[in-house]
Amino acid sequence: MHIEKRYILGIHVQYVTIGYRCPSCNDVNSIDVNKIYNGRLMFVCSKCTICGIVPFMAEQDEAYLEFLTMYDNGIIDKVQDLELVIEQERLVRPFSEIKELIHKNGAVGNKLLENVLRSKKDYIVDFIILEEPEPEAGREFQSLPIDEGIVASLWKRNIKRLYKFQEESILQILGGKDVVIVAPTASGKTEAFCIPIVQRISVEAAHFSSLRPETRLNGRKVFAVFVYPTKALARDQYPKIVQIAEPVGMNVGIFDGDTSKSEREIITRQLIPEIIITNFDVIHYHLLHRTRFSRLLRTCKFLVVDEAHVYTGVFGANVHYIIKRLERMTSSTTKQKLQIIAASATLPNAHEFCRSLFGRDLSPIYGKGRKGKINLVIIFPSLHSQRSLMLDILKRLITTNHKTIAFSKSHLGSELLAFYSTRQGNQIRVHRAGLLPSERKSVEDLFRTNKILAISATPTLELGIDIGDVDAIMSDIVPINRLIQRLGRAARNGQEGYAFLALGNDPISQYYKLHPEDYLQDQEIAYTDPTNSFVEEYQVLAMACDKPISTNESSPFRNTLQKLISSGLVQLTKGKFVLEHSKAMNLLWNFSIRGIGSRVDIIFNERKIGERQMPQALEELHDQAIYFLGGKRYKVFKLYLENPDNKLEKGTYAKLTAIPGGYPYYTKAIVDDWPTILEVYEQKTVFGIEVRYCSLEILKKVSGYSNIELGKEVTQGTRLYLESPLEFKFITKGLVFRAPKPKNVLESAMDDAYLEMSGYHATEHVIIEGSIMITGGSSQDMGGISIGSSGLIFIYDGSIGGNGASRTLYNKLDKAMIRAQRVISECPCRSESGCPRCTYSYKCGNNNEYLHKIAAIEILNNIVAGEKTEIGEKIPDDKSLI
């Protein structure tokens, strides 16, 4: 057997030649086999050009026998035009349809677009033109109450009048209102909040210095804190803010992890800036440790949170409490409420999300971006992989001198794309979290100065950092509003831009291939859960560390404070809740605001190279696991769950070892989860099924792992078991319902129990995986359990205490059920268990076993048809599948 690549009628196919006989010309070695994206096999005779496409089968020999049967039954004839067969199978769009798309969108003569659209390896899902009218103009500066110095600085930057949304923002902020400005990248959000804040500060500072002139230089105080999610973005926005602030004699300072000791001394002791630029990690740390910097923050009157949509999940819950802690410190000094201004990318639920994040209503102000014409092409890779598709397009863009950013979801995806593109001779660099700040800045500078034409990035470059002109964006699948956020990078200066959305080999990609109109409607929503009791316990403890909590302000946290008293972390003394300092600080020292749970340090060559938090660490860092870090693979030698002798740091750790570069496997944990309902928060009926939203205790047990060969699409592998299973309990939130029985399929079943539990298991998978866009991409933050043949299905937050993802699904469960039904029903595979495009899940803890596609279709049909079910009061003692 050997693998070779050929071109037939201009179509590139990869063949596995194993010597099958042609039933037409009887040549023994002329039949070649080509794998199609959906698992089907294409049998082609290189001599007489007969062609047949056989449904997905587990064994290739079995598929060849089906091909022979098709020939005997007259289904296969000689086919002179292979291209026609591929068009009929909808592996590529017919030439006539592509020609119509090119003419309709005015792309005739555009060689780049014509070459991409006429690909013989891909299905062009859609080609549309995105053109927005110029944002509505607002008033000129002279008609607004803005200092002449600020106006002059804007004129120097050729900004001579406002957009309407900027005018509205300025007037509302000047009027003291809390607002959230919702607009795309490069739309002018910074000016919309910076101008009125600088104006307000200049008035207040002038009043303050007129009362006490001698304090103008030495008595400065912080009036505003601008918070950015990354240090790179903070430094990118700093010059813009300075240009507005300096003309009125105002100082701006950056205080974060990259600020030198001497710079910190200047900010905190010598020349206190009126505006501080920082991040929530820094605010949390300095409030906790009562530093000189934390004392500066007490005079703050304005809090600006840029890129607010980033603060989701557990991170968002922590930010919610850090803001409360900051407000608590400022209100006691300024005697007034902190004014909050947020700026966000386009979100359909910006108002609701900000109410949850900030604990108050912010008036939404909506703006539009200014950009040129964008050509958006949505592409499905039929005869090669998603990565191969992205490499092909990237090469076309680079060779035609189009400056391009290629976005990938994961660190590894961005590294691999750059690796293979470099092997093709392209000048490309990686930009992602985890790289040193100096390395990321170097990449930005190289791109800005045209020394490289392409960057392979994770979402780090969504956040508005100025990297100069961008002609094209390429992205793996993300919701449409996230894609538009990325498009804000392209055609900023009015030039024609390009956007290519590369779909993949997953349920939602296949769905959007068939329903592109739904892609344009499905939008990502932001979510967080400030009621996470574990986050609240840590943050209330931190609040007591900032300053003792008086009984007058304790009512919102009464239950939490009682728990802390019971744990010996807080005591009530003279009407105040006071910290038991040494014990509390020992607990808070290891707490991260970006997650929650026990931390597992990752050790290689006696050096800490990373960390992971429970419960995720249990699945990724068990003994013999293959772990990916920084584009490299390691093997876990041992996971130490109890580590009293670790000299590096107290706590658990995983010790890694190197593996050979050609090592052929990666691993996936075999996991059993068991749920216990602790409390029911809400319940409702969806179609006919009873659904409850609950507090849950999850017992997670890792019993072994699967070795999966690299490059394999099928998410199954060889099972190996650990000597001693690993266990971890945690409390979270989730939903539960009982699915109806697949009665019709059961009538002909050989094993009722197996078929039924496999149907429920497949139903759980497809609801989570198929509803990614319905729930705003939150399926990665959720887990699922189906309880044997009972029909009980649990879907829960993967974070300790909850992150808001399952709540989002609970609120939209009816739409998610309909989407799941369509995803699985429209998948053309004929395998009993389904395939990666319908029932398989890359997160499955049971190795994608116990799955039954037809049973799941009937279950989802019954749900949508309104069949009634009730949950009952007891969870049966049955096998759990996840």
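Reader: What does "buried" mean here?

Author: Buried means under 20% relative accessible area. This is a predicted model. In its protein chain of 882 residues, buried residues make up 57%.

Reader: How many helices and strands does the protein chain have?

Author: The chain comes to 29 helices and 35 strands.

Reader: Of the contacts between residues at least 6 apart in sequence, what percentage join residues at least 24 apart?

Author: In this chain, 70% of those contacts do.

Reader: Let me try a single residue. Is Glu114 buried or exposed?

Author: Check the accessible area against the cut-off. Glu114 has a relative accessible area of 10%, so Glu114 is buried. Its place is in helix H4, residues 111–117.

Reader: Which residues does Glu114 touch, leaving out those up to four places away in sequence?

Author: Glu114 touches Ile102, Ala107, Val108 and Gly109.

Reader: Now rings. How many aromatic pairs are there?

Author: The count comes to 21 aromatic pairs. Take Tyr640 and Tyr653 as a worked case. Planes under 30 degrees apart count as stacked. The ring centres of Tyr640 and Tyr653 are 4.7 Å apart and the planes are at 15°, so this pair is stacked.

Reader: Where in the chain do Tyr640 and Tyr653 lie?

Author: Tyr640 lies in strand S28, residues 632–640, and Tyr653 in strand S29, residues 652–658. The pair therefore ties together parts that are 13 residues apart in sequence.

Reader: How do Tyr640 and Tyr653 score on accessible area? I would like both values.

Author: Tyr640 is partly exposed, with a relative accessible area of 26%. Tyr653 is buried, at 15%.

Reader: Why is the pair of Phe728 and Phe730 stacked?

Author: Apply the plane angle again. The planes of Phe728 and Phe730 are at 25°, with ring centres 6.2 Å apart, so the pair is stacked. Phe728 and Phe730 are also both buried.

Reader: Which residues form one aromatic cluster?

Author: Tyr20, Phe43, Tyr64 and Phe67 form one.

Reader: What lies over the face of Phe380?

Author: Lys513 does, at 5.0 Å from the ring centre. The charged end of Arg807 sits over the ring of Tyr693, 5.0 Å from its centre.

Reader: Next, helix packing. At what angle do helix H19 and helix H28 pack?

Author: Read the angle, then the distance between axes. Helix H19 (residues 507–514) and helix H28 (residues 813–826) pack at about 85°, with their axes 10 Å apart. An angle of 65 to 115 degrees counts as roughly perpendicular. That makes H19 roughly perpendicular to H28.

Reader: Which residues make the contact of H19 and H28?

Author: From H19 come Pro507, Ile508, Tyr511, Tyr512 and Leu514. From H28 come Arg819, Arg822, Val823 and Glu826. By class, the contact of H19 with H28 has six nonpolar, no polar and three charged residues.

Reader: At what angle do helix H13 and helix H14 cross?

Author: The axes of H13 (residues 313–334) and H14 (residues 350–358) cross at roughly 60° and come within 7 Å. That makes H13 oblique to H14.

Reader: Which residues of H13 and H14 meet?

Author: Gly316, Val319, His320 and Ile323 in H13 meet Ser356, Leu357 and Phe358 in H14. The contact of H13 with H14 has four nonpolar, three polar and no charged residues.

Key:
Residues numbered from 1 in each chain as written. Predicted model: local features only at pLDDT ≥ 70, side-chain atom pairs only at ≥ 80, totals over all residues. Heavy atoms only, no water. Phe/Tyr/Trp six-rings, centres within 6.5 Å; stacked < 30°, edge-to-face > 60°. Helix = DSSP H or I, 4+ residues; strand = E, 2+ residues; numbered from the N terminus. Buried < 20%, exposed > 50% of the residue type's maximum accessible area, 1.4 Å probe, protein only. Lys NZ or Arg CZ within 6 Å of the ring centre and 35° of its normal. Axes fitted to C-alpha atoms, helices over the stretch in contact; angles between N-to-C directions. Parallel < 35°, antiparallel > 145°, perpendicular 65-115°, else oblique. Contact = heavy atoms within 4.5 Å. Nonpolar A, V, L, I, M, F, W, Y, C, P; charged D, E, K, R; others polar.
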